[in-house]
Amino acid sequence: MSSIDRSKEKIIKVTIDGKEIETTYGKTILEVARENSIYIPTMCYLTKVEPIASCRMCVVEVEGVDGMILSCQEKAVDGAVITTNTSALEAERQNIMKLYDVNHPLECGVCDKSGECDLQNKTLEYNVSEQNFTAKDMYRPVQHWGFIDYDPSLCIMCEKCVRVCNEIVGSEQLQISVGGYKSQIINTKPEDDCISCGECMAVCPVGALTSRDFKYSANAWELTKTPSACAFCSAGCELTYESKFESIDNPEEKIYRVTNAYEFSTLCGAGRFGFDFENKDAYKDRVAFNKAVEAFREADSIVFSSFITNEEALMLKNIASKVGAKLVCPDSYGFSRFLKAYKEASGKSLWGATQKSLSKSDAIVVLGTRVKDDAPMVKNHIAMAAKREKAKVVYMHPIEDSAIQNIVTKFAKYEPGSEEAIVAMLLELFTREAELPEEIKNFIDELDIGYLSAESSISEEELDSIKAEFWKKKRFTLVVGEDIYNHARVENIAKIVAAIEKFTNFELLVIPPASNSLGVSLICDLEKEVEGKSVGYNAEADFTLSALGDGNLDIPALNQQEGTITTIDKRVVPLNVALPYDGYILNDIAKELGVGRKYTIDLTKELPASSGFKQKDFDSLEIKFSPLGDDLRGYELDCIKSDSSFDLDEVEELESFDGVVVYCVNSTHARNPFTQKARLTKSEAYLVGSSQFAAAAKVADGYIVEFEIDGKKVTRVFRIDTSLKGTFALNPTFDMGLSAFAISSYRFNKILIKKIGSGNE
């Protein structure tokens, strides 16, 4: 899919409040006004969803048009003369606010929204000083939805919460119960206790939707706001930590909540509610520090996880070079192999698609990821495409996911281990009419499609039906994920994926497997095996430095650091210090070893230009969005071009995955050991399997079982999930501490289940 040719956009001129403006056709009057810093009030409008048009606050007058029109819906046309503020418009908006205030006292009582309430602000803005309307009070009890409370008596029915739940999150959980004054928002799946991402709460302009945890704990104006980015997955979503000292008697600073620029950005439940993962008890233990310095000096291997900043990754590289150690990062090693092979084949260092372009696609294939859990923001952008673009979404995976069946048009189940065969068949399927170089034609000609389809369980008829689904579609995206990176044939898969991107209509979106896997892979040359004496940085080793507070030396967590991470959208975005840290940091050790800097963030401008980083000072990096929601945080990596070579190997014979199979995956909220440390997102870890799995493994619901993955013994309580099919079980790793980051095998594992208890013992 080619990028949009801006030269073909129609340029128009409009006049707003006497100001002549040049813009592009297709934008609404409200969008043009916002781009040019012209204020038009709104109550129901959200940039990231389609216009709701329920409040009428955005009315304007257009010369030659009778009556007032809604600027959020009406497209700007060439030559239009628009007025945003007249006495008639002022009166209209004041009357709207009077109606909104029927449900709210003009002198606010105790309310968590006070100080940041849009209704409160606009009531004052439009001089509503008395109640002209009354309505009979009704009993409307507060409802509990997961982490969120809903108070119908305060709801103004702006519909923002319903729109984000349906249009952005795609869960379709919230709806409007229409009944005039009795109307309210309903949760259609109360048995699910809401998805608890907090999006509905974030966009609520009044105190109708609030955090049960935050309620009555602090006032908005008391909190110190620290803009940063979420580090729980590669999306790197914008967020703001809001903190304060608990009391005079207890002067400890604490994060009370996380907020986001909800007009433009979104957070999942982990990002919004898993905020208190700081390493709070650290102190400067000089004895432990000296041991750490000596351990680095003697290290043969430095082992680390990708839950670190770009600057820390570069510092570890510098230390490794100084002491002659190898760098080992188990959670990103497979991804780094994928990235290297992809670059060799494609001739470029980075894939083409972004989450935003994904949301505008109308034909999507998702392969090798349980996307709702692995990358909730990618799932959200797929939901946007499904809702707005009527996208056909083909979800290819060995395990169906009932939680996203409303946005998926076709589940294509393949056998575990078949990813190489699947991408080869997709290449053949979508290049049948294409002009191809000789090496690609030869590769395709040698494919035994009959064998591959039989062994992978994706029939030729099913492949043809996928192609038929995409008939007349124009914007194609292929999404690939974590199942591929630790596959034995990852390099060949990467090359075939690069060929799909180059020779078909598909743009490629690659989901990095961990928080900063892309940054780590671009900065460090990684090796697979640990040898000799080892030092671990947020990873287990002979000497371990841990932000969980359970190692030989404490280090700061990512909400206690300045630095940058690199996101799925290929942006380098800044993190800021939300909470103080009293212990030693990696730069202190680097200084002792002769490779430190005055400050860690001095390394921001030293990140390697050869990998696409720009030599920018940390303090010059922005944390903001454009008026229309474009992400301007940090900067976008340069895509480094090089020679390309599609030297594709023959597809190997497919491995059989008979018997019981465990799939390693964490849930949306419980993402890793740091969400497990957080108070609200701490979860129970179960082995969750199908009824078929239970029968094959000879276990029952509630049994305590033991099995082994990557040489590590895992003990779990087994639970049956009737929505799962096949002899599969889902195994989380978030409760395994730093050892969770060391699992680097293919995600599907044939295992032997040992029953060690009934669960009632």
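Visitor: Is cysteine 197 buried or exposed in this structure?

Guide: In this model, which is a predicted one, cysteine 197 is buried, since its relative accessible area is 12%, and buried is the word for residues under 20%. Cysteine 200 is buried as well, with a relative accessible area of 6%.

Visitor: How many disulfides does the structure hold?

Guide: A disulfide is a covalent bond between the sulfur atoms of two cysteines. The structure holds zero disulfides. Cysteine 197 is in none, and its nearest cysteine sulfur, which belongs to cysteine 200, lies 6.3 Å away, whereas a disulfide would need the two sulfur atoms within 2.5 Å.

Visitor: What percentage of the residues count as buried, and what share of the contacts join residues at least 24 apart?

Guide: Of the 761 residues in the protein chain, 58% count as buried. For the contacts, consider those between residues at least 6 apart in sequence, and you will find that 73% join residues at least 24 apart.

Visitor: What does the accessible surface of the protein chain come to, and how far apart are the mean positions of the positive and negative charges?

Guide: The accessible surface comes to about 31300 Å², and carbon and sulfur atoms account for 46% of that area. As for the charges, the protein chain has 87 positive and 118 negative ones, and their mean positions are 2 Å apart.

Visitor: Where is serine 37 found, and what is its phi?

Guide: Serine 37 is found in the loop that runs between helix 1 (29-35) and strand 3 (59-62). Its phi is positive, at about 60 degrees, although serine 37 is not a glycine. With a relative accessibility of 71%, serine 37 counts as exposed, a word that applies over 50%.

Visitor: Where is the place of methionine 157, and what is its phi?

Guide: Methionine 157 has its place in the loop between strand 7 (148-150) and helix 4 (160-168). Although methionine 157 is not a glycine, its phi is positive, at about 55 degrees.

Notes
Residues numbered from 1 in each chain as written. Predicted model: local features only at pLDDT ≥ 70, side-chain atom pairs only at ≥ 80, totals over all residues. Heavy atoms only, no water. Buried < 20%, exposed > 50% of the residue type's maximum accessible area, 1.4 Å probe, protein only. Contact = heavy atoms within 4.5 Å. Areas by Shrake-Rupley, 256 points an atom, 1.4 Å probe, with all protein chains shown as cover. Lys, Arg positive; Asp, Glu negative; His and termini not counted. Charge placed at Lys NZ, Arg CZ, Asp CG, Glu CD. Helix = DSSP H or I, 4+ residues; strand = E, 2+ residues; numbered from the N terminus.
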